[in-house]
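Biologist: I would like to learn how to read a fold feature by feature. Could you walk me through one?

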Amino acid sequence: MWLKLFFLLLYFIVLFTLARIFEAVVWYETGMFATQLVDPVTLSYKKLKTILECRGLGYSGLVEKKDVSELVEKSGELTHGELYSAIKKEKEQTEADGSSTTHFSGEMHFYELVEDTKDGIWLVQVIAQDREALLSQSNWGKMVQKVSQFGIRTGTFNCSNDYRSCIKRGWQRSTLIMSVPQTSASKGKVMLKEYKGIRIETEQIFRWMTSHVAHRIKTLHHSEQLVEEWRSDPAHPLKMFLFARLSQPPAFFSSLSVKFTGRIEFIFVDVRRWGNYSSLSEIGVTRSPAYILKMPEGIYHYGNSTGEFLSLAAMDTFLRSVQPEVNDLFVFSLVLINLLAWMDLFITQGATVKRFVVLIRTLGTYNSILLVSWLPVLALLQLPYLDILHGYSLKLLRYADTTTLASLVRADWTFYSSHPALFLSTYLAHGLLVDYFEKKRRCGTRSQEDSRTNLEWLASLWDWYTSYLLHPIASLQQFPSDHSEWEDDPNFLFEHLAFPDLWLRPLVNMDYIKTLPTWRLRAVGQSRLEASCKTADEETRSQHSDKERKEPSHGSSSHKRSLCSVNFNSQLPACSDVDASGGCQCACAVVSSRNGSSLSADRAVKDNCVVSDCVSNHQHCDWSMWPCDMLQCSECVVCLETFVSEEVLMGLPCGHAFHQQCIVVWLAAGRHCCPVCRWPSYKKKQQRAAQSSSTDNTVQD
């Protein structure tokens, strides 16, 4: 999780650096920055009209280039970045078609999208029954391209689909209907305006629309009105002022007033007949036109930083960063969480099929967690007690978003969002570099699973799936194969939150059994007894060879004798020192009867020496061969049998030991816990040093 966050942060740093490199290349080739101003007089008539189209100003009555350039100057300063953006947008509009137009199927469809939404502007062409449309198909396509860049949605309503609705609304002839929110309150009443003009021209219809939208903006003509509006208003803490010598504000400014209804108040100050210019200088307005955002923290002059163009997209990005709504934050978090999930495609090593399967699982998990996490956030935002916290959060956000670094980030966001191919290619290149470095980092510890092919991994996936059908809880999650504290892994936490029912039972994979400690049981004096037997055997062989040299005639009879003689009539010393647990401190107690009874069945002759196989209460294990974190015991509680020398034992993280075969069968049956203390067999447990030290002292005593 943290590794993916690191690589994602590194990718953002790469994007920021790459944008600065692009700016340096443009400056080297042209000698200009994007923030440098452009003199409108030096531009062609076509480029000036393109700028006016993007700003939303009518120029139908202007024929000469001088008048058009003056209108551009009155609406605001022009930069190289805005000019480049306007030309690019014009090319995109000419290549696009009018497929974004909505075709209403009836009354309910029209009501849901136009009247009930109440958060946008609509232009609807009504086609009367058995009549032609007011605008031809080509002119309607031009109209769609013209108004779509200001966030105005378009649609067509054919009365042949719902004739009764047209009769009820009075649409008996083909016309144009515009829908605009009537009040400045959020989700206010929507009013429908019908175009009744005589001239059916695109520019004339556009001016009719912009004039109706401009009526929603409060217009000031006197200094007294400005002083009144400049005062702090708790109901409207944010106000966007436009000081210009225009008859009405640009269309992009009016469209933004509809988009930010209830959040930001838009005010247009007409300074054409302004008498008291000292009132402007007192509030910080030194030039005209000027776009000023008044906040409780102060004023901010829009257009002086990088990427702050006089267009709908640029100002919309700026205002959303200053005063975001919950939906903006949700979309931003959704983009980040998906970029973070896609990074798992390059970090995961192994087969290609494995990468995509892990990617799909990560995408589903992360998006599920995001949706579930937003539910309590939305509930908390509704509490009235958090208004103070909400206000301080917005204040801190405004302080951060009015800095130079924030303007650079917004400019990069606008640039990369308008060039998605560049964004995707850089993300892919960054992912390939991450994949390369991950391979280099894991080359020394390359696991067998990473080296498997697609078919091998699919076969293992099928095995996992069949195991999931039989044991769904035990096969759902892959855990690390070491004894690390995997409970602290954020990915494991995400899995738990995505499947809340799985908190009740542990998610266990059978691979952890391979990492459990195993050892072979040995008695305390077994090694010494074997050494003594070996020494006795050597002495017997040497004595036998001496006898053969001295008595060669008796070689055949000596050869029939046993190499190791045991006096059965004599009694070997038995163990006398017994510890508290009842175990014997000697190596091996071998007691025989005086009447010449034979050896018991549990004894075996190894290298012509008697060795006991049973490690019972009369014997004691070699604790030096016992793992230090294992509790000392003498029998297996699964099969209730005493441990025998040379048997393979297996221990659990809790410290209890068992026969390897017994405990493996116990765990494979789905009982992933210790049979003694019920501690989870897959979970590491810190052993107490005091317990082990006290046990050692008892053994030594």
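Biologist: Gladly put, here is my opening question: at roughly what angle do the axes of helix H2 and helix H3 cross?

Modeller: Happy to start there, and please keep in mind that this is a predicted model. The axes of H2 (residues 45–55) and H3 (residues 65–75) cross at roughly 35 degrees and come within 10 Å. The crossing of this pair is left-handed.

Biologist: Which residues of H2 meet which residues of H3?

Modeller: From H2, the contact takes in Tyr45, Leu48, Ile51, Leu52 and Arg55. On the H3 side you will find Lys65, Val68, Ser69, Leu71, Val72 and Ser75. Sorted by class, the contact between H2 and H3 holds seven nonpolar, two polar and two charged residues.

Biologist: Now to strands. How many residues of strand E2 are buried?

Modeller: A residue is called buried when its relative accessible area is under 20%. In E2 (residues 122–127), six of six residues are buried, so by that cut-off the strand is mostly covered. Next, look at the two faces separately. Trp122, Val124 and Val126 lie on one side, with Leu123, Gln125 and Ile127 on the other, and both faces are covered.

Biologist: Which strands are joined to E2, and in what sense do they run, parallel or antiparallel?

Modeller: Strand E3 (residues 153–158) runs parallel to E2, and six bridges join them. Strand E4 (residues 175–181) is joined to E2 by five bridges, and that pair runs antiparallel. Valine 124 is a handy landmark for both pairings. Its bridge partner in E3 is glycine 155, and in E4 valine 124 stands opposite isoleucine 177.

Biologist: Let us turn to a whole sheet. In what order do the strands of the five-stranded open sheet come?

Modeller: The order is E6-E8-E7-E9-E10, with mixed pairing. At the edges are E6 (218–220) and E10 (298–302), each of which pairs on one side only. From one strand to the next, the twist averages 25 degrees.

Biologist: Where does the parallel pairing of E6 show up?

Modeller: E6 pairs with strand E8 (residues 265–270) in the parallel sense, over three bridges.

Biologist: With which strands does E9 pair?

Modeller: E9 pairs with strand E7 (residues 239–244) in the antiparallel sense over five bridges. There, phenylalanine 241 stands opposite isoleucine 292. E9 also pairs with E10, again antiparallel and over five bridges. Tyrosine 291 has tyrosine 302 as its bridge partner in E10, and the two strands form a hairpin with two residues between them.

Biologist: I also like to check backbone torsions. Is the peptide bond from serine 288 to proline 289 cis or trans?

Modeller: That bond is cis, with omega near 5 degrees. Proline 289 sits in the loop between helix H11 (278–282) and E9.

Biologist: What is phi for leucine 640 and for glutamate 646?

Modeller: Leucine 640 has a phi near 60 degrees, a positive value in a residue other than glycine. This leucine 640 is in the loop between strand E14 (635–636) and strand E15 (641–642), and at 62% relative accessibility it counts as exposed. For glutamate 646, phi is also positive, near 70 degrees. Glutamate 646 lies in the loop between E15 and strand E16 (648–651), and at 31% relative accessibility it counts as partly exposed.

Biologist: Finally, how many helices and strands does the protein chain have?

Modeller: There are 24 helices and 17 strands. Of the 701 residues in the protein chain, 39% are buried.

Note on methods
Residues numbered from 1 in each chain as written. Predicted model: local features only at pLDDT ≥ 70, side-chain atom pairs only at ≥ 80, totals over all residues. Heavy atoms only, no water. Buried < 20%, exposed > 50% of the residue type's maximum accessible area, 1.4 Å probe, protein only. Helix = DSSP H or I, 4+ residues; strand = E, 2+ residues; numbered from the N terminus. Pairing = 2+ DSSP bridges. Axes fitted to C-alpha atoms, helices over the stretch in contact; angles between N-to-C directions. Left-handed = near helix turned anticlockwise from the far one by under 90°. Contact = heavy atoms within 4.5 Å. Nonpolar A, V, L, I, M, F, W, Y, C, P; charged D, E, K, R; others polar.
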